[in-house]
Amino acid sequence: MIHVDLTGAAPFFGAHTPDYAAAEAAHRTLSEKTGAGSDFLGWTELPRRIRETELARILAAGKTIREKGDALVVVGIGGSYLGARAAYELIGRREGGAELLFAGNGLSAATLRDTIEKLGDRDFCVNVVSKSGTTLEPALGFRVFRDLLIKKYGEEEANSRIFATTDARRGALKSEADAAGWESFVVPDDVGGRYSVLSAVGLLPLCATGIDIQKILTVAEETFASLGERSEANPCWQYAAARQALYKSGKAVEILACYEPRFRMMAEWWKQLYGESEGKNGLGIFPASVEYNADLHSMGQYIQEGPRHLMETVVSFASLPGGYTVPADAHDGDGLNYLAGHDFNEIAAIARAAVKTAHIEGGVPNLAIEVTDMAETGFAELVCFFELACGISGYMEGVNPFDQPGVEAYKKNMFALLGKPGYEEMGEELRKRLR
């Protein structure tokens, strides 16, 4: 169940109302694979395709990881880890599942040390996720954790604890995996990293935690089918058309908000998805995120009264774990006994309504998205909804939503300054400019 509510945005459309004809055309372009980047649309078929190819091996590998220890270090950056981490934090580790630790997504020595200390003396495995195996951050992180495995278990046993998710045929990591005998899984050629969570990239680590990946795939397949509807009732059309209308009206920053802290990494996944898909050719809505209620006490002032270039998208869940009520206090020193006996979820829902009203009155359009729950079903719904809406929105904007040419600029500079062979001349030029 996915529901989009545009009533909080309607007063701000003005001359730029949601263009559902453009949404229909964009959806047709995507489904018929006639637009730019159409060779990267494999994500629309992943729920079905993964069942026919790697699911059985993923389930077996997840069981092996759980049997070998209680921790799995996932080494990857960007789309190679964000989806798995988002699901892990939203859904939570299941009983008997491995704890996920994440590495290779930065170059902080302090964070690396913290991860190793958290791992401690526990038995563990490593899942290295990289299409090429040469991206700097995960490659260096993998060196560290592979070395730890070898020192702890010896090379033969260490090799049995390494699982590589990489290119099917080529690349440094694929060659290394074949040579060492690591069990390997595929980063599909026709799926960009930010769209890859429903492949082995996301499913293997989630399976290791005990999360029901078969349920995720079932719900995802059903959700993609339902989102194929060609009408203004399609929530993807509603979201894509509304945000593009608001963008044309001058709302260039979209804040994704949620009142559940467990959603924080879903917001990080969403930021990569929309930032990398739409931010090009001088165009794009800037994706930002806030965590309510906490950020109401830090960012709330800016959102309420800062520059009026914001739109706000709020994610909520139809079903939430409850059972916590406000206790009565004999002294009532804080004056809150009028809330005694009320469930926290009930109070939070009222707070959401109060914030929505205040922000709309302050000039911030509000888009509301509701999914089923914070478990496997809700996660699958969110992934399918945001991915499809992103493709539609990108085509409506007039860009290729499936490439990311700008990502390579910093990498070339970094390699040159670090002295990578072949980059000597570029490195010397950069060093002159930095003096």
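The sulfur of Cys258 lies 18 Å from the closest cysteine sulfur, that of Cys384, which is too far for a bond. The model is predicted, so that local features need pLDDT of at least 70 and side-chain atom pairs count only at pLDDT 80 or more, while totals for chains, interfaces and linings use all residues. Residues are numbered from 1 along each chain as its sequence is written, and side-chain values use heavy atoms, with hydrogens and water left out.

The structure holds zero disulfides, a disulfide being a pair of cysteine sulfur atoms within 2.5 Å. Cys207 is in no disulfide, and the nearest cysteine sulfur, that of Cys125, is 13 Å away. Cys258 is buried, with a relative accessible area of 2%, where buried means under 20% relative accessible area, exposed over 50% and partly exposed in between (1.4 Å probe, protein chains only).

Strand S4 (residues 124–129) is largely enclosed by the rest of the structure, because six of its six residues are buried. Phe124, Val126 and Val128 point one way from S4, whereas Cys125, Asn127 and Val129 point the other way. S4 pairs in the parallel sense with strand S2 (residues 71–75) over five bridges, pairing requiring that DSSP finds at least two bridges between two strands.

Terms used: Helices (H or I, at least four residues) and strands (E, at least two) are DSSP runs, numbered from the N terminus.
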